[in-house]
Amino acid sequence: MAERAAKRLCCRPGYGSTCRPDQQAGVGASSAGIMQSPESLLDVAARRVAEKWPFQRVEERFERIPEPVQRRIVYWSFPRSEREICMYSSFGSGAGDLGGPESGDEPRLPFRRGVAFLDGGCVDHVLQVGFHLSGTVREPATPSEPELLRKVSVSFDRCKITAVTCGCGNKDISYCAHVVALALYRLRSPERVELRLPISETLLQMNRDQLQKLVQYLITVHHTEVLPTAQKLADDILSQNSEINQVHGAPDPTAGASVDDDNCWHLDEAQVQEQVKHLLSQGGHHGPGKQLNLLFSKMREMLKMRDSNGARMLTLITEQFMGDPRLALWRQQRPTMTSTMTDKYRQLWNELGALWMCVVLNPHCKAEQKSRWLKQLRRWNGVDVCPLEDGNQGGGQLGNLSRDSPRRTVFTRAMEACDLHWQDPHLQHILTEDHDAERCCLDHPDLFDGRGRPLWREHVPTACARVDALRAHGYPKEALRLAVAVVNTLRKEQHKELQQFRSLKKEELHKGMTSITNLEGWVGHPLDPVGTLFSTLTETETDAVPDEGETPAALAVEVALLGLGQQRAMPDGLYAQEKVFRNEEQLLAKLQQLELDDALLNVFRKQAAILLEAGPYSGLGELLYRESVPMHAFAKYLFSSLLPHDAELAYKIALRAIRLPVLESSVASGDLSRSHHMASVAANRYPRWFTLSHIESQQCELASAMLTAAKGDAYKLQTVLESIQKNIHSSSHIFKLAQDVFKIATTMGDLPDLTLLKVSLELGLQVMRMTLSTVDRQRRKMVCWLVTCATEVGVLALDSIMQSWFTLFTPTEATSVVASSVLSNGAVARLHVDSRQQENLANSARALALQCAAKDPQNCALSALTLCEKDRAAFEMAYQIVLDAASADMSYMKLFTIAHYMEERGYPMKAYKLATLAMTHLNLSYNQDLHPAIGDVLWACALSHSLGKNELAAVIPVVVKSVKCATVLSDILRRCALTTPTMLAPHGRRNAAKLMSLDKAPLRILLDAAIAAYIDTAHSRLTHISPRHYGEFIDFLSKARETFLMAHHSHVQFTQFIENLKQIYKGKKKLMLLVREHFG
């Protein structure tokens, strides 16, 4: 660490032999630390002088200063508290007191290590010469490091350490452990420190010979270090015109500060800048952000201790933030891009602005200081890349902010605060409690309420910023008094607004809500006014507020409820909206930490009743602006808090707060068929609600809390259900709510709660209606869950959803999930029904299946057949539906699938008929020898062949018409020619017949079609054949020859076919050569 050595010139005459022996430097120093009697007048005066006056002023004021007086001033000039030393050696932690942080890093903190060095007796050779303290600190050996000896020196002035030097070469903002050890040694054991007057005083007492001896010994001991410097100084002194001879006196680093020196603790500015720059360069990671927040906490600690380094350090940090190169990149980003400034980084900028607000609102800062800060703030504010207050960053603005609106950065409010002052007489009366309540109330009714309590009428966030500044600068009592005045003012304004609304209630309700009264909300405000008042009132050490008759906690709760219940417009931009809910969560978390006694419950009841009645001023009033911030989380907290004590009021609050008017603008609340469009409407409206999903989640949490609390109360459950159906418009959130209620109903207690189950079912039915015509990946899961829920409710519920299936399910869902589940063994077992009820359910399921098959035979016919297997009449009806659809537009694939099913179930003739119908829809061209339906065609022909000659004769013309692929036709021909068909005897048994002739129908038709297909396919292939396919073509001709040879005199026909090819395609010489080699 670099030492800021004092350069004050000392030239006072010495006292020499006029001093008494007992007043020589060092004598009696040990008696200063232990006081067995009241302090002497000398010590009292020296203590005050040492704290307030620079020593140069003392020397200038008095021509002669006795040596004992000097020694006591020097003694008392060293810091008297360990708190500052702890703070300046713990910048890397959240330690705000001597206890330090409770973390795993605690032993590594410089302050802790310094204490360990001190306790271990590692500090030695401590000497105080004037305002300079020096010593050595021994660092014990470790398994990896040898013992080290560090030389340490400290300069101090007016109870502050002004410069430090250590041989460890520490490069950090914090003081090193060695400096801490030396300073604590002086603080805790001053009687063990050898004390000397400033060296200039000692030199004044020496004659020429003594001075020469001193210099020569000094040079001898340190000749390698100081000899060049000593020679240069000697040359300058001996030179008449040298600069050194133009100055009267000589510098003394031990003589204390001059009048012009700043009186502040040592702070390494270069290290502050370097460390902040390094942390910013690491991006938005958790570690660097935490370290920067710790630096901000240290600055608040400095401000609270009224340390001038707070503003100085804040300036250094702000310069580094403004120099962050990422700001220019974010400025160039399009406003719709999400890869911009992170939320954590924005919070750091907001804290920076809040700290500057506290600095400029210092009640005792000088005008020139404030002017200097304002100049700095204006310079930063004028930079294009300076972040905006609302968090929007980029080339444009998100939201409905007018282009003509003034540009507000994170420094704008601090700049505006520079115009504020503390000289207002009424404000001073509030801070000092210097007023006669009764008289002041009569003389100034606007400044006091009816009970004579002072009011402070100022823009609420600004007034709360004053409170924060008082707390930040170490004035807790004044901050509490002003906070109470602000709370009383808010109370009076709330009462006034309530009276105004009562007088205009009918007119306001008739007109409806078209505008909002509070454009600037207090929750989520950049200055956090409600949080400031709450913290001020709850962190006070007093149990009661003077002249109030109530506790600070009660006032804190009241102002928190008042602020959270304020009706306010949703701000523009993602960050501003997220900040609203983050601030709300923080306030609710603080409220939850309080233990609700009778007094606080009375506050809850009082504020809840006012908020319900307060009209447009309250987010829980009857009139709600569509752009208002929802009250769901706040209402859930009120509901939970009031429920054990006043259930009726709790339900009134929750039912009023569940509204979400922003989703009710485009679709009527009762029109559930279009509710699924609401989310997209709200998300794309102008300005956008970026946090809509979070809002809807909070809305459902509120609804879930009400339903859970109303368990077993049918009337309340119905009321809550109706409110949910009216106000919640997101199908996914309603489904989650239904699942939660179902879980509560089936897991809390030995038996399921039927009232909750019915509510869960109703919510599930609403989800089914909302998502019926939409594409939802969760849809099948929803349908399965609904059937499970209806099963738990009972037979009537299952029968009801099957009767009204067309309003809830698609035909496919109704057959494949609903009806199948109802007829499953598991459902029957859970229902505990008798045979009659079971049969009724089965009939309903089969009727449902038939209706679905008639509506969507393509997707539901097979399911309907499966479900109707046990009912002959229903099965025949389903089969007839399939036949009717087959002649229309049912695909051959579906028909083949159903035909296979029929054969498996023992209905070969039905399977034959469906397969025949399937082939009428099929068209296999000459080159589709790998078509997926080939297997089905072969199976259909084999089925026909197995049924008899007549069936085969009927199907072969269909095959010839639908299949043009030669290889498929030849395959069918071989299968039919090489096996015998079976004949169906009159008694139902199958008898084997003779092999069928290829020269007679129906195989002759098939043979001719196969030969014709080979001829056509050959000509088609030869049109565009390439040499690499010659081998495949020869194989194809070989298969063709096998088919040709199945007929009588076929070799002649095949030879003619080959000769014809040779003649037509004689230009393909290589191919024709291969043909001759294989076929002659």
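**An aromatic cluster, a helix pair and local backbone features**

F321 is buried, with a relative accessible area of 0%, in a model that is predicted throughout. Its ring pairs with that of F296 in a tilted arrangement, in which the centres are 6.1 Å apart and the planes stand at 35° to each other. F296 is likewise counted as buried, its relative accessible area being 2%. Because F296 belongs to helix 11 (residues 286-304) and F321 to helix 12 (residues 309-322), the pair ties together parts of the chain that are 25 residues apart in sequence. Both residues also take part in a cluster in which ring pairs link F296, F321, Y345, W349, W356, W380 and F411. For the chain as a whole, the count comes to 24 aromatic pairs.

The chain is made up of 1080 residues, of which 49% are buried, and its secondary structure comprises 47 helices and nine strands.

Confidence in the prediction averages a pLDDT of 83 over the chain, and 86% of the residues score at least 70. Where pLDDT is low, the predicted coordinates should not be read in detail.

The packing of two helices is described by the angle between their axes together with the distance between those axes. For helix 30 (residues 731-747) and helix 32 (residues 779-793), the axes come within 12 Å and cross at roughly 35°, and the crossing is left-handed. On the side of helix 30 the contact is made by F735, A738, Q739 and F742, which meet K781, M782, W785, T788, C789 and E792 of helix 32. Sorted by class, the residues of this contact are six nonpolar, two polar and two charged.

A further site of interest is C852, which is located in helix 36 (residues 835-855). C852 counts as buried because its relative accessibility is 0%, under the 20% limit. Apart from neighbours within four places in sequence, the residues in contact with C852 are W805, P811, A814, T815, P857 and C860.

Most residues other than glycine have a negative phi. Against this background, two positions deserve mention. R158, although not a glycine, has a positive phi of about 50°, and its place is in the loop between strand 4 (148-157) and strand 5 (160-166). With a relative accessibility of 9%, R158 counts as buried. D528 is a residue other than glycine with a positive phi near 45°, and it is found in the loop that runs between helix 20 (476-511) and helix 21 (529-538). The relative accessibility of D528 is 22%, so this residue counts as partly exposed.

Note on methods. Residues numbered from 1 in each chain as written. Predicted model: local features only at pLDDT ≥ 70, side-chain atom pairs only at ≥ 80, totals over all residues. Heavy atoms only, no water. Axes fitted to C-alpha atoms, helices over the stretch in contact; angles between N-to-C directions. Helix = DSSP H or I, 4+ residues; strand = E, 2+ residues; numbered from the N terminus. Left-handed = near helix turned anticlockwise from the far one by under 90°. Contact = heavy atoms within 4.5 Å. Nonpolar A, V, L, I, M, F, W, Y, C, P; charged D, E, K, R; others polar. pLDDT = per-residue confidence, 0-100. Buried < 20%, exposed > 50% of the residue type's maximum accessible area, 1.4 Å probe, protein only. Phe/Tyr/Trp six-rings, centres within 6.5 Å; stacked < 30°, edge-to-face > 60°.
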